[in-house]
Amino acid sequence: MANAKLISTLLLCMVVTAPVLHIEASIQCHTVTVALATCLGYLTRGGRSVPSSCCKGVINVKNAARTTKDRRETCGCLKRAARQYRVNFKFAAALPAVCKVHIPYRISRSINCNSIQ
């Protein structure tokens with residue numbers, strides 16, 4: 001419950017401050033974290049199934065990250081969130097396959113976001 005309140009507060013702060021920061025990327029970090037918020041339980045603890053809203057978020061993020069810059073920004077955003085929420089990268093690496101979404105790189109703790117095309 002405390003995690004849910006923390007995530008909600010963090011997401012609200014991101015939504016409120018992002019327009020003030022005039023972020024240049026066409027996909028913003030708060031958009032990514034909001035889209036994938038329902039994945040957090042699976043990404044930290046695993047489980048037999050992933051909520052359909054999580055997979056929908058994965059698809060939405062993939063579709064929104066149209067350019068190389070978008071994909072690199074998304075990667076960086078996800079790496080920061082993974083550290084903050086102590087994501088298990090075994091589960092993170094499995095998420096695209098679980099959601100039946102193809103991404104052209106392997107998810108790992110050591111991924112170099114600048115190498116993503």
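At 2% relative accessibility, does Cys77 count as buried or exposed? In this predicted model, in which local features need pLDDT of at least 70, side-chain atom pairs count only at pLDDT 80 or more, and totals for chains, interfaces and linings use all residues, Cys77 counts as buried at that value, where buried means under 20% relative accessible area, exposed over 50%, and partly exposed in between, computed with a 1.4 Å probe on protein chains only. Residues are numbered from 1 along each chain as its sequence is written, and side-chain values use heavy atoms, with hydrogens and water left out.

The protein chain holds 6 helices and 0 strands, these elements being DSSP runs numbered from the N terminus (helices, H or I, of at least four residues; strands, E, of at least two). Read from the N terminus on, the order of elements is α-α-α-α-α-α. Of the 117 residues in the protein chain, 37% are buried. Among contacts between residues at least 6 apart in sequence, 68% join residues that are at least 24 apart, a contact being defined by heavy atoms within 4.5 Å.

A search of the whole structure returned 4 disulfides, each defined as a pair of cysteine sulfur atoms within 2.5 Å. When bonded cysteines are counted along the chain, the disulfides follow the pattern 1-6, 2-3, 4-7, 5-8. One of the disulfides joins Cys29 to Cys77, with an S to S distance of 2.0 Å, and the torsion about its S-S bond is about 80°, so this disulfide is right-handed. Because Cys29 lies in helix 2 (residues 29-36) and Cys77 in helix 5 (residues 68-85), the pair ties together parts that are 48 residues apart in sequence. Cys29 has 24% relative accessibility and therefore counts as partly exposed, whereas Cys77, as stated at the outset, is buried.

A further disulfide joins Cys55 to Cys99, with an S to S distance of 2.1 Å, and its link is left-handed, with -75° about the S-S bond. This pair connects distant parts of the chain, with Cys55 in helix 4 (residues 52-64) and Cys99 in the segment after helix 6 (89-98), 44 residues apart. Both Cys55 and Cys99 are buried. In the disulfide formed by Cys75 and Cys113, the sulfur atoms are 2.0 Å apart, and the torsion about the S-S bond is about -70°, so the disulfide is left-handed. Since Cys75 lies in helix 5 and Cys113 in the segment after helix 6, this pair ties together parts that are 38 residues apart in sequence. Cys75 and Cys113 are each buried.

The packing of helix 2 against helix 4 was examined next. Their axes come within 7 Å and cross at roughly 155°, where axes are lines fitted to C-alpha atoms, for helices over the stretch in contact, and angles between N-to-C directions run from 0 to 180 degrees. Helix 2 is therefore roughly antiparallel to helix 4, given that angles over 145 degrees count as roughly antiparallel, under 35 as roughly parallel, 65 to 115 as roughly perpendicular, and the rest as oblique. On the helix 2 side, Val32, Ala35 and Leu36 meet Ser53, Cys54, Gly57, Val58 and Val61 of helix 4. By class, this contact comprises 6 nonpolar, 2 polar and no charged residues, with Ala, Val, Leu, Ile, Met, Phe, Trp, Tyr, Cys and Pro counted as nonpolar, Asp, Glu, Lys and Arg as charged, and the others, Gly among them, as polar.

The search of the whole structure also returned 1 aromatic pair. The rings of Tyr42 and Phe91 have centres 5.7 Å apart and planes at 55°, so the pair is tilted; rings of Phe, Tyr and Trp (its six-membered ring) pair if their centres lie within 6.5 Å, and planes under 30 degrees apart count as stacked, over 60 as edge-to-face and the rest as tilted. The two residues link distant parts of the chain, Tyr42 being in helix 3 (residues 40-45) and Phe91 in helix 6, 49 residues apart, and both Tyr42 and Phe91 are buried. Gly46 is placed in the loop between helix 3 and helix 4 and counts as buried at 15% relative accessibility.

Arg86, with a positive phi of about 55°, is in the loop between helix 5 and helix 6 and is exposed, with a relative accessible area of 72%. Lys100, with a positive phi of about 60°, is in the segment after helix 6 and counts as exposed at 75% relative accessibility.
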